[in-house]
Amino acid sequence: MNQKQNKAMKKYIFTLLLLLVCHLGYAQSINSLFNEFGSEKNADCVKVSSFMMSIGKMFAGHDKDAEIIGKIKSIRVLDLDDCPTNVKERFNKKANKLSLDGYEELMRVNDDGDKVRILMKTKKEVIRELLLVCTGNDDCTLVQINGKFTKDDIDQLVNQETGKKHGRR
């Protein structure tokens with residue numbers, strides 16, 4: 001490689017790094033949304049830590065629900081339903097700019113301006129995080145569930161809950 005090619009390569013790499021840094025600064029993270037909007041007036045923000053989840057597991061019993069609860073490490077919920085419109089609009093803008101690198105989209109729903117996205121992060125076929133992002137005129141909600149469970153666990157829970165709603169156990 002001659003000196004001219006070497007200089008061009010350095011410029012190219014520097015430009016790529018600069019673009020990456022700018023993109024990272026622009027993107028919102030899940031934590032920044034919880035931190036920023038969790039303290040808004042009328043916002044409901046709940047975090048159930050891993051310690052509280054372990055205490056809750058002691059009271060869960062031994063049925064199928066308890067098995068899945070045992071696989072959840074922590075839960076965070078942010079609900080802005082009772083917040084003013086300007087707060088919801090800010091949340092919607094920032095939620096739409098979320099950096100979702102590493103997430104796989106499970107479902108996306110767009111219904112009369114309300115949008116719901118369900119995403120997951122996996123590691124070796126094990127779901128490590130589920131993320132539910134609801135944006136729109138009325139519903140501004142963010143739910144994050146961390147743990148170690150499989151897609152079969154999710155299917156089992158959905159089937160079990162669907163059966164309860166239709167009178168089956």
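R90 comes out as partly exposed, at 31% relative accessibility; here buried means under 20% relative accessible area, exposed over 50%, and partly exposed in between (1.4 Å probe, protein chains only). The model is a predicted one, so local features need pLDDT of at least 70 and side-chain atom pairs count only at pLDDT 80 or more, while totals for chains, interfaces and linings use all residues. Residues are numbered from 1 along each chain as its sequence is written, and side-chain values use heavy atoms, with hydrogens and water left out.

The side chain of R90 pairs up with that of E36 in a salt bridge, at 3.4 Å from N to O (the term covers a side-chain nitrogen of Lys or Arg within 4 Å of a carboxyl oxygen of Asp or Glu). Helices (H or I, at least four residues) and strands (E, at least two) are DSSP runs, numbered from the N terminus.

E36 also has a salt bridge to K94, with the closest N and O atoms 3.0 Å apart. Again helices α2 and α5 are linked, as E36 and K94 sit 58 residues apart. E36 is partly exposed at 26%, and so is K94 at 24%. Along with E40, these residues make up a salt-bridge network: E36, E40, R90 and K94.

R117 belongs to strand β4 (residues 114-123) and E105 to strand β3 (residues 104-111), so the contact ties together parts twelve residues apart in sequence. R117 is buried at 18% relative accessibility, whereas E105 is partly exposed at 36%. The structure has six salt bridges in total.
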